[in-house]
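Please look over the sequence and the model before turning to the points below.

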Amino acid sequence: LSRRLRGDLDWITMKALEKDRTRRYETANGFALDIQRHLKNEPVLARAPGAAYRMTKFVKRHTAGVAFVSALFVLLAASAVVMTVSRNRAVRAEAHARTEAAKSAAINEFLQGMLSSADPWQKGRDVKVADVLGQAAGDIGAAFDDQPEVEAEVRLTIGRTYRNLGLYEEAEPQSCKRRWRLTRRRSERQLPLWRAASTSSPT
């Protein structure tokens with residue numbers, strides 16, 4: 001009960017008991033009207049008006065409507081967040097797909113060039129796979145100097161082929177260079193451009 005009597009009723013009571021007649025209610029009707037305003041959750045005249053006070057009264061008078069609008073606002077905000085996240089994911093997925101397609105095209109073009117270089121009319125009928133791989137490994141650096149991830153994948157393919165042929169000594173350098181190129185790629189993403197440009201390749 002004491003909590004319910006606080007606030008507006010305190011102000012109304014103090015105004016009704018004010019010693020200064022000019023600050024009291026002019027009539028009993030004015031006193032009754034202020035009590036009715038309190039019961040209707042309207043701003044009372046006994047209290048100094050303020051934006052926060054009027055807003056509180058408005059919310060109490062329209063609790064259901066305010067709750068509905070608030071819930072709608074939260075729903076719209078959540079929908080906007082979900083749409084933004086989905087759009088960003090779609091953009092990243094599209095960019096990744098384009099990158100992978102370009103990477104696959106570059107790898108296929110290089111491997112086709114490598115296979116076409118094994119021309120028996122130019123190198124004789126006894127063309128060895130190891131020789132073709134050796135020539136291809138020497139051309140990778142120049143072909144993919146600005147595409148370290150593509151170079152790494154091609155070197156991995158050549159390294160696997162060397163291992164399948166039992167040429168483990170030839171396969172190991174390709175694996176080492178592949179790891180270095182991937183490390184360089186990650187470093188270029190993290191370092192400033194001037195530092196990434198100054199990075200030199202291993203011998």
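The structure is a predicted model. Its protein chain has 203 residues, and the secondary structure amounts to 10 helices and 0 strands. The mean pLDDT of the chain is 76.

**Overall fold**

- Followed along the sequence, the protein chain has the pattern α-α-α-α-α-α-α-α-α-α.
- Of the 203 residues in the protein chain, 19% are buried.
- When contacts in the protein chain between residues at least 6 apart in sequence are considered, 41% of them join residues at least 24 apart.

**Confidence in the model**

- A pLDDT of at least 70 is reached by 78% of the residues.
- Confidence is highest in helix α3, at a mean of 88, and lowest in helix α10 (residues 193–197), at 43.
- Residues 120–125 have a pLDDT below 50, and this stretch makes 5 contacts in the model beyond near neighbours in sequence.
- The pLDDT is also under 50 over residues 191–203, a stretch with 5 contacts beyond four places in sequence.

**Asp34 and Tyr25**

- Asp34 belongs to helix α3, while Tyr25 is found in the loop between α2 (8–16) and α3.
- Asp34 counts as buried because its relative accessibility is 0%, below the 20% cut-off.
- Tyr25 is likewise buried, because its relative accessible area of 14% is under 20%.
- The side chains of Tyr25 and Asp34 are joined by a polar contact of 2.5 Å.
- The side chain of Asp34 also reaches the backbone nitrogen of Leu45, at 2.7 Å.
- Leaving aside residues up to four places away in sequence, Asp34 touches Ile12, Tyr25, Val44, Leu45 and Ala46.
- Tyr25 and Ile12 are 13 residues apart along the chain, and their C-alpha atoms are separated by 9.2 Å.

**Asn41**

- Asn41 is located in the loop between α3 (28–39) and α4 (51–61).
- The phi angle of Asn41 is near 60 degrees, which is a positive value in a residue other than glycine.
- Asn41 is partly exposed, because its relative accessible area of 24% falls between the cut-offs of 20% and 50%.

**The largest pocket**

- The largest pocket holds about 180 Å³ of space.
- The pocket is lined by 11 residues, of which Asp8, His38, Arg47, Lys57 and Lys60 are the closest to its centre.
- Helix α4 contributes the most to the lining of the largest pocket, with 4 residues.
- By residue class, the lining of the largest pocket consists of 6 charged, 4 polar and 1 nonpolar.

Key
Residues numbered from 1 in each chain as written. Predicted model: local features only at pLDDT ≥ 70, side-chain atom pairs only at ≥ 80, totals over all residues. Heavy atoms only, no water. Helix = DSSP H or I, 4+ residues; strand = E, 2+ residues; numbered from the N terminus. Buried < 20%, exposed > 50% of the residue type's maximum accessible area, 1.4 Å probe, protein only. 1 Å grid on protein atoms, 1.4 Å probe; cavity = no way out; pocket = protein on both sides within 12 Å on 5 of 7 lines; lining within 4 Å. Points joined across faces, edges and corners; volume = space filled by probe spheres on them. Nonpolar A, V, L, I, M, F, W, Y, C, P; charged D, E, K, R; others polar. Polar contact = N/O pair within 3.5 Å; in protein donor to acceptor, adjacent residues only side chain to side chain. Contact = heavy atoms within 4.5 Å. pLDDT = per-residue confidence, 0-100.
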